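Dear colleague,

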Amino acid sequence: MTEEQFFDRLGKQYAQNLPFVAYRKPGENSGTAFLQKSAEIFYSEELTEKGFVFAPFDDKEQKFLIPEKGSEKIIFETSGLTSGEENPSVDAPSEADNPAKEEHVSLVKSALEKLKSGELEKVVLSRKEEINIPGVDPVELFRRLLKTYPAAFVYLWYHPATKVWLAATPETLLKVEGNRFKTMALAGTQKYQGTTEVEWRDKEKQEQLFVTDSILKNLEKAGVSTEEIQRSEVYTTKAGNLLHLRTDITGQIPSTKFQIPNSEKAGVNALVAALHPTPAVCGLPKKKAKEFILSEEGYDREFYTGFLGELNLQKNIQRSRTRRNVENLAYRAVKQETALYVNLRCMKIEDDTVSIFVGGGITKDSDPVAEWEETVNKSQTMKKVLFK
Ligand SMILES: C=C(O[C@@H]1C=C(C(=O)O)C=C[C@H]1O)C(=O)O
């Protein structure tokens with residue numbers, strides 16, 4: 001299938017209101033699409049199904065699934081992508097006299113009271129920016145995202161029940177391959193200004209350390225032994241026009257019974273329950289931060305800061321064809337793979353309304369106006385493909 005045929009195929013599926021997802025993993029030259037043949041709604045209950053999962057921030061809400069079985073699967077090349085049609089030319093909305101700024105600043109101030117009193121250690125506060133773009137074309141935006149952000153996880157999801165979502169996210173929630181898993185602690189933000197050799201203030205270092213420590217503690221509580229966990233040094237990573245601090249965490253899923261004490265969860269489901277939502281998108285203590293977010297943010301995050309990605313897909317691994325392997329017919333090993341990402345730097349499209357979702361981690365040392373500016377900077381990731 002050529003590039004044009006592929007994007008046309010997505011456009012047709014969308015025009016027929018049929019669910020689909022198309023995505024490309026960070027740094028890869030090809031992507032995958034799953035196209036449902038009916039508009040039926042499928043949910044993932046225990047994260048044991050095979051397919052693509054799309055889960056909201058609030059883990060009490062349903063997780064959508066496009067099952068692998070029964071869906072059309074397409075592999076598409078992304079290395080030589082060309083720009084398609086121009087979107088209708090739209091000017092970026094003016095930042096002057098923005099009532100959203102006052103609202104966000106006062107939200108951050110109200111959190112600061114709780115952070116200074118010690119009731120909260122960290123809370124991630126966000127907002128939604130709505131822009132009217134008549135004739136906006138999700139498939140064309142997807143093509144631009146693929147081209148603009150080769151190092152991100154880029155996807156286009158559509159379901160009549162959730163509407164269109166797109167993102168170019170830098171954050172992995174969980175990768176599982178065989179019995180190995182990977183995750184990351186990503187937090188702290190500054191603008192990229194031509195170099196990744198930058199200084200970080202204590203505020204950002206602290207904020208990121210909260211995330212690393214909490215992930216390690218929660219993995220341990222979920223039954224992963226600390227001896228099985230490796231963590232990298234903290235390093236600076238680039239995501240679009242931004243820099244973040246990052247620690248990579250890898251480990252082994254225990255071969256013995258692995259489940260959260262006093263819960264039915266096991267395997268991928270137990271690891272996700274231990275991780276999501278991490279303090280990179282929620283806060284500390286988790287329960288109190290989540291309560292604050294749900295009651296004070298004043299809008300519904302829906303799938304922003306939720307997670308999404310491949311669930312339990314079979315991966316064929318081509319081993320070298322040594323004579324012995326060929327004789328044993330063992331040169332093709334089959335592994336199950338899960339690759340879940342945090343839904344950041346994302347937008348939702350419903351008719352002509354585009355909603356961009358952006359947030360940032362607040363600690364007792366946060367400056368409310370700087371936090372607003374950080375959300376403005378983060379909104380550029382999506383605006384870059386929306387506006388000329
Ligand atoms: C919440 C967002 O990003 C998260 C928050 C960050 C921060 O507070 O510095 C950095 C990366 C992400 O973990 C977002 O992009 O909306």
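Predicted model: local features only at pLDDT ≥ 70, side-chain atom pairs only at ≥ 80, totals over all residues.

Residues are numbered from 1 along each chain as its sequence is written.

The chain has 8 helices and 19 strands, where helices (H or I, at least four residues) and strands (E, at least two) are DSSP runs numbered from the N terminus. Of its 388 residues, 40% count as buried; a residue is buried if 20 or more other C-beta atoms, placed from the backbone, lie within 10 Å of its own, exposed if 12 or fewer, and partly exposed in between. Among contacts (C-beta atoms, placed from the backbone, within 7 Å) between residues at least 6 apart in sequence, 73% join residues at least 24 apart.

An open sheet of 9 strands runs in the order 6-2-1-8-9-18-19-7-15, with antiparallel pairing, two strands being paired if DSSP finds at least two bridges between them. Strand 6 (72-77) and strand 15 (283-284) are at the edges with a single partner strand each, so one side of each has no neighbour in the sheet. At the strand 6 end, strand 2 (residues 30-35) pairs with strand 6 over 6 bridges, T32 having I75 as its bridge partner. Strand 8 (residues 153-159) and strand 9 are joined by 7 bridges and form a hairpin with 3 residues between them.

Neighbours within four places in sequence aside, V21 touches A33, F34, F52, I66, Y155 and W157.

Which residues are closest to the ligand? They are T189, A280, G359, G360 and G361, within a shell of 17 residues, counted where the C-beta atom, placed from the backbone, lies within 6 Å of the ligand. Strand 7 (122-132), strand 11 (180-191) and strand 19 (353-362) each give two or more residues to that shell.

Some backbone details deserve a look, given that most residues other than glycine have a negative phi, and most peptide bonds are trans. The peptide bond from H276 to P277 is cis, with omega near -10°, and P277 lies in the loop between helix 5 (267-275) and strand 15. The bond from L284 to P285 is cis as well, with omega near -15°, and P285 is in the loop that joins strand 15 to helix 6 (286-296). L47, which is not a glycine, has a positive phi of about 55° and is buried, with 23 other C-beta atoms within 10 Å. T305 has a positive phi near 65°, and 25 other C-beta atoms within 10 Å make T305 buried.

Technical notes
Contact = placed C-beta atoms within 7 Å.
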